[in-house]
Amino acid sequence: MDIKLQKAPRQMNVELLRVVCMMMVLALHANFYPFGMPDKQECLHAALPSFTRCWIETMTIVAVDVFVMISGWFGLNARRRSYTSFIFTALFFSIGSAVFFAATGYVTFDKDLVLDALQLSKCLWFVKAYLMLLILSPILNAFVAHTDRRTFAATLIGFFIFQTVFNFFGDGGQQFFSDGYSPLSFIGLYLLARYMRLYRPRWTQLRARTDLLIYLACGTLLGTLLFLCIGWHVLPFLRKIALHYTNPLTIAGATFLLLAFTKLRINRGNRLIGICATASFAVYVLHCTAPFIETVYHPIVKDIYKNYSGIACPLLIFSTMCCVYLLCTLLDQARQWCWKQLTRTVPWLAGAKAE
């Protein structure tokens, strides 16, 4: 099967999905991350707020898987510019965040800050895992191009059975799957999305509304099970593994959320969607840097949670998420300007051949 990856026009439905998923990541990092899971007493005596928090967590945790599957849907094209632009964006915001917060006295300039800024610590794990996926993408694309459908399907089935058995239900694959925080898990998601795009099996041809309902069902089922597990010890093993990126319900939810958006038709707001989608990676990197998330994002979220109740609390947290996205989008315009100046000075970074 001869498959060539070509640069296609941006599809605004999928670009909108990038924006939605980045908002999901912001919501994810404003929920269990700063506060931890609800405990048994919270589930028993404040059932609705606790269930809502569990539901939000399981509905938004699909975002990371979706980001990887979007790459698989279109196929990564590992050119020099792909590497240099990706690395420049990651370092622009991680180094910029470290310098700003150290210079203003919010954090101490030390070895840990330097390691975080240079992407040499455990912080910003997604950047390293995705970079490895990008490095391996030519091999993955060659496999896709030169294998038949039956072999491709068998490989995917074997991969996800192995991952589920040895990382979801057991710890036998913890060293290399790492609960989905690894390039190996990204490879499975990438290939799954490529398979769906190329072969369009029958289960991918449902209506967009049906796809969304399946996504909602997966997230709601997982959230309900997690809530019951915490409060009433129903299926207690789920507490440890429910929020793994390798959870089959999470992967299924991500799959059908992607399929739903690929079937949407968007005729308005293309420019705004494009700008926000382009900035999505910047939003991830900046808000996940230790100085920003520890001195800005989490303190604001905690303050809102402490001082407001009722509908005001989620509305203010959502407004904070929007402000963070807007700030990062504006800063990304500066990043794009710097990248243009740098590539004019050093054309090699953009893939130009040296004269």
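User: In this predicted model, is Cys328 buried or exposed?
Analyst: The model is predicted, and the answer rests on the relative accessibility computed for the residue. A residue counts as buried when its relative accessible area is under 20%. For Cys328 the value is 0%. Cys328 is therefore buried.

User: How many disulfides does the count come to?
Analyst: A disulfide is a covalent bond between the sulfur atoms of two cysteines. The cut-off used here is a pair of cysteine sulfur atoms within 2.5 Å. By this rule the count is zero.

User: Which cysteine has the sulfur nearest to that of Cys54, and how far away is it?
Analyst: Two sulfur atoms must lie within 2.5 Å to be counted as a disulfide. Cys54 is in no disulfide. The nearest cysteine sulfur belongs to Cys43, at a distance of 5.4 Å.

User: What is the corresponding distance for Cys328?
Analyst: Cys328 is also in no disulfide. Its nearest cysteine sulfur is that of Cys288. The distance is 9.7 Å.

User: Why does Cys54 count as buried?
Analyst: Cys54 is listed among the buried residues of helix H4, together with Ser50, Arg53, Glu57, Thr58, Met59 and Thr60. The limit for buried is under 20% relative accessible area. Cys54 counts as buried because its relative accessibility is 0%.

User: Which helices are included in what covers the buried residues of H4?
Analyst: The buried residues in H4 include Arg53 and Glu57. Their cover includes elements from several parts of the chain, given here with residue ranges. These are H1 (12–28), H2 (32–35), H3 (40–45), H5 (62–74), H12 (208–232) and H17 (290–307).

User: How far apart are the end C-alpha atoms of H4, and what span should its residues give?
Analyst: Helix H4 runs over residues 47–60, which is 14 residues.

User: Where is Asp332, and which residues is it in contact with beyond its sequence neighbours?
Analyst: Asp332 is in helix H18, residues 312–345. It counts as buried because its relative accessibility is 0%. Leaving aside neighbours within four places in sequence, Asp332 is in contact with Phe93, Thr278, Ala279 and Ala282.

User: Which residues form a nonpolar patch with Leu44?
Analyst: Leu44 is in helix H3. At 37% relative accessibility, Leu44 counts as partly exposed. The patch is on the surface and has about 580 Å² of accessible area together. Besides Leu44, its members are Phe169, Trp232, Val234, Leu235 and Phe237.

User: What is the phi of Ser178?
Analyst: Ser178 lies in the loop between helix H10 (174–177) and helix H11 (183–199). Its relative accessibility is 27%, so Ser178 counts as partly exposed. Ser178 is not a glycine, although its phi is positive. The value is about 50°.

User: What is the phi of Arg200?
Analyst: Arg200 is in the loop between H11 and H12. With a relative accessible area of 40%, Arg200 is partly exposed. Phi is positive in this residue, which is other than glycine. The value is near 45°.

User: How far apart in space are Tyr83 and Gly351?
Analyst: Tyr83 is in helix H6, residues 80–103. Not counting residues up to four places away in sequence, Tyr83 touches Ala78, Leu131, Leu134 and Ile135. Tyr83 and Gly351 are 268 residues apart in sequence. In space, C-alpha to C-alpha, they are 9.9 Å apart.

Technical notes. Residues numbered from 1 in each chain as written. Predicted model: local features only at pLDDT ≥ 70, side-chain atom pairs only at ≥ 80, totals over all residues. Heavy atoms only, no water. Helix = DSSP H or I, 4+ residues; strand = E, 2+ residues; numbered from the N terminus. Expected span 1.5 Å × (residues − 1). Buried < 20%, exposed > 50% of the residue type's maximum accessible area, 1.4 Å probe, protein only. Contact = heavy atoms within 4.5 Å. Patch = residues over 30% accessible without salt bridge, like charges linked within 9 Å, V, L, I, M, F, W, Y side chains within 5 Å. Areas by Shrake-Rupley, 256 points an atom, 1.4 Å probe, with all protein chains shown as cover. Salt bridge = Lys/Arg side-chain N within 4 Å of Asp/Glu carboxyl O.
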